[in-house]
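Morning, everyone. Please bring up the model on your screens, and I will walk through it.

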Amino acid sequence: MNIRWVIILIITILFGCSTGKEISSGTVNQVSGPYPSGHGLWYNLPKTVIRVEMVAEKVVVKPGPFFRFSQRLLNITEVETESKEEWKIIGAKISTYGVPDEERLYNISTIGNSSYAAVNLTKTRILAGINLNSFDETQIPLAEVEKIISMADVQFNDVPYTEEQLIKSSTGAMAEEVAKEIYRLRQLRNQVVRGEVEMLPPDVGSYKLAIEYIDRQEKAFKELFTGKVVKQTVTRYFDFIPQANKPLNTVLLRFSQQNGFLDPMDVSGTPVYIEVETDTRNSKNFVTGENKKSINTTGLVYCNPVTAQIKVIDRTLLLTSKQVQISQFGQILRLPSDVFNNREVGVELDTSTGAVKRIFYK
């Protein structure tokens, strides 16, 4: 059943329970130009923004200063021998939110004790409903930019060198002293586990703290041979507004294994595409405004959005896909004017798409 007739049916049922008290309403007309001033109430229908949350992992690898002595002193062969920074995409997520559509601005002129006076708007003037006690505005995902780790941030300054280690005159001699300390720590851990350390208080908490301390010490010394691998998860947000006069399939961003997220015009990275699949180009319902021949000006204007399939593709690999509603490709409709003759009837709209979410009797 057509959504318009479903809404009309719901309203008819609701008004079967109304008091029948007549309340004067008003007119709703589309206006153009900058945001006006003067008598009346103005609201915008939303324009749907597609926000893509891209998640990548940056890995910084730094060899330890003693990596050449790893096999001889510790019998370790798997060590880092080259400094490098690498990026890889590990996830993507699609969401939507609404911004005011300046081409869909409407003026409400009320007459008498109209329920139009109870119109609910968001902080950005997007129509949220009528006769609502409260409503939830679309939450825009945070777009904070965190500091990215670099090679300079990866250091070995936390190593607890002893005096004997620091006074050695050569790298090889210093590596030998550090290796001896690693073996000493391993022996000490075994003694703690076996309960052979007399000075340690005989309780579980003390044993746990001792083991954790020894593990941290050994890890810091061992990284001087094996090197450090530091990983960071980095999130970036990219917005795309589908428009009828622009391509619906385009490069959203570019990505580089060496430099991470890049501008769409930076050809040093490979493209990440966004694709919007919808048949609105060939749909008779696709309109950018109201039918100019329409003489109905008494109903609240809302939007019947279209469904689109959004895909985010890394070169040829599909990262994510989601079905969403898009308002700017939707059909402009009006609620029957009688809905405003009863203050006990509420209407809630989706502030991302302009669609009717629910009509209810309070």
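Start with pairing: two strands pair if DSSP finds at least two bridges between them. Helices (H or I, at least four residues) and strands (E, at least two) are DSSP runs, numbered from the N terminus. This is a predicted model: local features need pLDDT of at least 70, side-chain atom pairs count only at pLDDT 80 or more, and totals for chains, interfaces and linings use all residues. Residues are numbered from 1 along each chain as its sequence is written, and side-chain values use heavy atoms, with hydrogens and water left out.

First, the overview. The protein chain has 5 helices and 13 strands. Of its 362 residues, 43% count as buried. Buried means under 20% relative accessible area, exposed over 50%, partly exposed in between, with a 1.4 Å probe and protein chains only. Contact means heavy atoms within 4.5 Å. Take the contacts with a separation of 6 or more: residues 24 or more positions apart account for 76% of them.

Now the sheets. What joins β7 and β8? They pair in the antiparallel sense over 3 bridges. S256 has its bridge partner in β8, and that partner is G260.

A second open sheet has 4 strands, in the order β4-β5-β12-β13, again with antiparallel pairing. β4 (119–121) and β13 (356–361) are the edge strands, each pairing on one side only. Inside, 2 bridges join β5 (residues 127–130) to β12 (residues 345–349). I130 has V347 of β12 as its bridge partner.

Next, the core. A nonpolar core is a set of buried Ala, Val, Leu, Ile, Met, Phe, Trp, Tyr and Cys residues joined through side-chain atoms within 4.5 Å. The largest has 25 residues. Those with the most contacts inside it are I50, M54, F261, V276, I310 and I326. Look at F261: leaving out residues up to four places away in sequence, F261 touches M54, W87, V234 and L253, among others.

Last, helix α4, residues 171–194. It has 24 residues and reaches 35 Å from first C-alpha to last, close to the 34 Å expected at 1.5 Å a residue. That expected span is 1.5 Å times one less than the number of residues. Its buried residues include M174, V178, I182, L185 and R189. G195 follows α4, with a positive phi near 75°.
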